[in-house]
Amino acid sequence: MSRDDFEKRLCITYIDEATVYSFDSVVFHAVVSMTTSKQNYIENIEQQWIELRRNHNIPDGECLHFTDIKALLNPAYFTRAPKDRNPAMERAFCASEGVVDIDKLHAFYSDVIKIIHDNEFVVQATGRRFIKNQFFADKLIRKYNNGYWYPIFREHLDRMAYYLIDRSYKEHK
């Protein structure tokens, strides 16, 4: 295989986990990934993301968690202790202390949607609902066992592998 073919087939994947919901006796966990070609990521997504951060005054190195942005819409957020708030997101999306600038927020999400629409990538999600079990909550067990997360992550990686093998096969054919 030539170096160009090798480079063409390389992909970049971002993966994250989330607790979708948790009630008294059940919890739903999910692992989600976004995969795109290395070339598309470097030439398009990375550049558009840098521009998005610059246009919306989000400092380099500042983690951009959408849950932190969503939290700004909850009035109770502004009653939190300063250590439990995200000052960078407040500077980017608030007109003044405790007042979210809806136009800035709308413009930000419109730009994110444009990036999504303008790029090719695959999103995969794997989730599972569990009955809460005291066994997995025990600290000693959690030290040696990932409890709920391991089977979801394993299943997700299996699905990712199938997708990448299928993609390579179709490209080769």
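How many helices and how many strands does the protein have? The protein has eight helices and five strands, where helices (H or I, at least four residues) and strands (E, at least two) are DSSP runs, numbered from the N terminus. The model is predicted, and local features therefore need pLDDT of at least 70, side-chain atom pairs count only at pLDDT 80 or more, and totals for chains, interfaces and linings use all residues. Residues are numbered from 1 along each chain as its sequence is written, and side-chain values use heavy atoms, with hydrogens and water left out.

Read from the N terminus, the order of the elements is α-β-β-α-α-α-β-β-α-β-α-α-α. The radius of gyration is 20 Å, well over the 16 Å given by the globule rule for 173 residues, so the protein is more spread out than a compact globule. In this comparison the radius of gyration is taken over C-alpha atoms, and the globule rule is 2.2 Å times the number of residues to the power 0.38. Along the principal axes, the C-alpha atoms fill a box of roughly 55 × 45 × 25 Å. Of the 173 residues in the protein, 27% are buried; buried means under 20% relative accessible area, exposed over 50%, and partly exposed in between (1.4 Å probe, protein chains only).

Charged side chains were examined next. Side chains of opposite charge can pair when their charged atoms come close. A salt bridge is defined here as a side-chain nitrogen of Lys or Arg within 4 Å of a carboxyl oxygen of Asp or Glu, and a search of the whole structure finds seven of them. One of these joins Lys83 and Asp84, with an N to O distance of 3.4 Å. Lys83 is exposed, at 71% relative accessibility, whereas Asp84 is partly exposed, at 40%. Another salt bridge links Lys114 to Asp118 at 2.6 Å, N to O. Both of these residues, Lys114 and Asp118, belong to helix α5 (residues 102–118), where they are four residues apart, about one turn of the helix. Asp118 is partly exposed, with a relative accessibility of 44%. Salt bridges that share partners also join Arg85, Glu90 and Glu97 into one network.

Aromatic side chains form eight pairs in the structure. Rings of Phe, Tyr and Trp (its six-membered ring) pair if their centres lie within 6.5 Å; planes under 30 degrees apart count as stacked, over 60 as edge-to-face and the rest as tilted. The ring centres of Phe66 and Phe108 are 5.9 Å apart and their planes stand at 35°, so this pair is tilted. Phe66 lies in helix α3 (residues 66–71) and Phe108 in helix α5, so the pair ties together parts that are 42 residues apart in sequence. Phe66 is partly exposed, at 33% relative accessibility, while Phe108 is buried, with a relative accessible area of 0%. Phe108 also pairs with Tyr109: the ring centres are 5.2 Å apart and the planes are at 75°, so the pair is edge-to-face. Tyr109 is partly exposed, with a relative accessible area of 29%. Together, Phe66, Phe93, Phe108 and Tyr109 form one aromatic cluster.

Ile15 is found in strand β1 (residues 11–22) and is partly exposed, with a relative accessible area of 37%.

Cysteine residues were considered last. A disulfide is a covalent bond between the sulfur atoms of two cysteines. With the cut-off that the two cysteine sulfur atoms lie within 2.5 Å, a search of the whole structure finds zero disulfides. Cys94 is in no disulfide, and the nearest cysteine sulfur, that of Cys63, is 19 Å away. Cys94 is buried, at 10% relative accessibility, whereas Cys11 is partly exposed, with a relative accessible area of 26%.
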